[in-house]
Amino acid sequence: MPMRSQGSVVSGLEKNKVIPRISVDAKRRALCRLLVEQDNLDILKNPYLTMDEEHGHTKERSAVKLERIRAAKKMKMIPHRHLEVELNHLNCSKKWE
């Protein structure tokens, strides 16, 4: 007489496929994970800020950040050069020769 395996054999999928039984401990762990997920969903459902508080709450921070970026770009720029200043050394005498 052949030995019977633990678990049920489902016909149609594979001839000798064994599907293991789900233990009580596995059910308990799955239930704990589901409860944690439900707690997370409940927390996310009720926002900390109201819609009015949420609208524009980062304007000050983004304005400071934008100002910092602009200042950094300005520091990288070379100073403006004018043609008058660059060619001033040619202006030693205004007399025609």
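**Close-up views of a predicted protein chain**

**Figure 1. Salt bridge between D42 and K45 in helix α1.** D42 and K45 are joined by a salt bridge in which the closest N and O atoms are 3.8 Å apart; a salt bridge is a side-chain nitrogen of Lys or Arg within 4 Å of a carboxyl oxygen of Asp or Glu. The two residues both belong to helix α1 and are 3 residues apart, about one turn of the helix. D42 counts as partly exposed because its relative accessible area is 32%, whereas K45 counts as exposed because its relative accessibility is 58%. Here buried means under 20% relative accessible area, exposed over 50%, and partly exposed in between (1.4 Å probe, protein chains only). The model is predicted: local features need pLDDT of at least 70 and side-chain atom pairs count only at pLDDT 80 or more, while totals for chains, interfaces and linings use all residues. Residues are numbered from 1 along each chain as its sequence is written, and side-chain values use heavy atoms, with hydrogens and water left out.

**Figure 2. Network of salt bridges at D25, R28 and R29.** Salt bridges link D25, R28 and R29 in a network. The side chains of D25 and R28 meet at 3.5 Å, N to O, and for R29 and D25 the closest N and O atoms are 2.7 Å apart. D25 and R28 both lie in helix α1 with a spacing of 3 residues, about one turn of the helix. R29 and D25 are separated by about one helical turn because they are 4 residues apart in helix α1. An α-helix has 3.6 residues a turn, so residues three or four places apart point the same way. D25 is partly exposed, because its relative accessibility is 38%; R28 is likewise partly exposed, at 49%, and R29 is partly exposed at 45%. By the rule applied here, the count comes to 4 salt bridges.

**Figure 3. Nonpolar surface patch of L83, L87 and L90.** Together, L83, L87 and L90 form a nonpolar patch on the surface with about 330 Å² of accessible area. Patches are made of residues with over 30% relative accessible area and no salt bridge, like charges being joined within 9 Å and nonpolar side chains (Val, Leu, Ile, Met, Phe, Trp, Tyr) within 5 Å. L90 is placed in the segment after α4 (83-86) and counts as exposed because its relative accessibility is 58%. Accessible areas come from the Shrake-Rupley method with a 1.4 Å probe; for residues, only the protein chains shown count as cover.

**Figure 4. Helix α3, residues 59-76.** The 18 residues of helix α3 reach 26 Å from the first C-alpha to the last, close to the 26 Å expected at 1.5 Å a residue. The expected span is 1.5 Å times one less than the number of residues in the helix. Helix α3 is hardly covered, with 0 buried residues among its 18.

**Figure 5. Elements and confidence of the protein chain.** The chain holds 4 helices and 2 strands, arranged from the N terminus as β-β-α-α-α-α. Helices (H or I, at least four residues) and strands (E, at least two) are DSSP runs, numbered from the N terminus. The average pLDDT, the predictor's confidence in each residue from 0 to 100, is 83, and 81% of the residues score at least 70. Confidence is lowest in strand β1 (residues 8-9), at a mean of 56, and highest in helix α1 (residues 24-45), at 95. Of the 97 residues, 1% count as buried.
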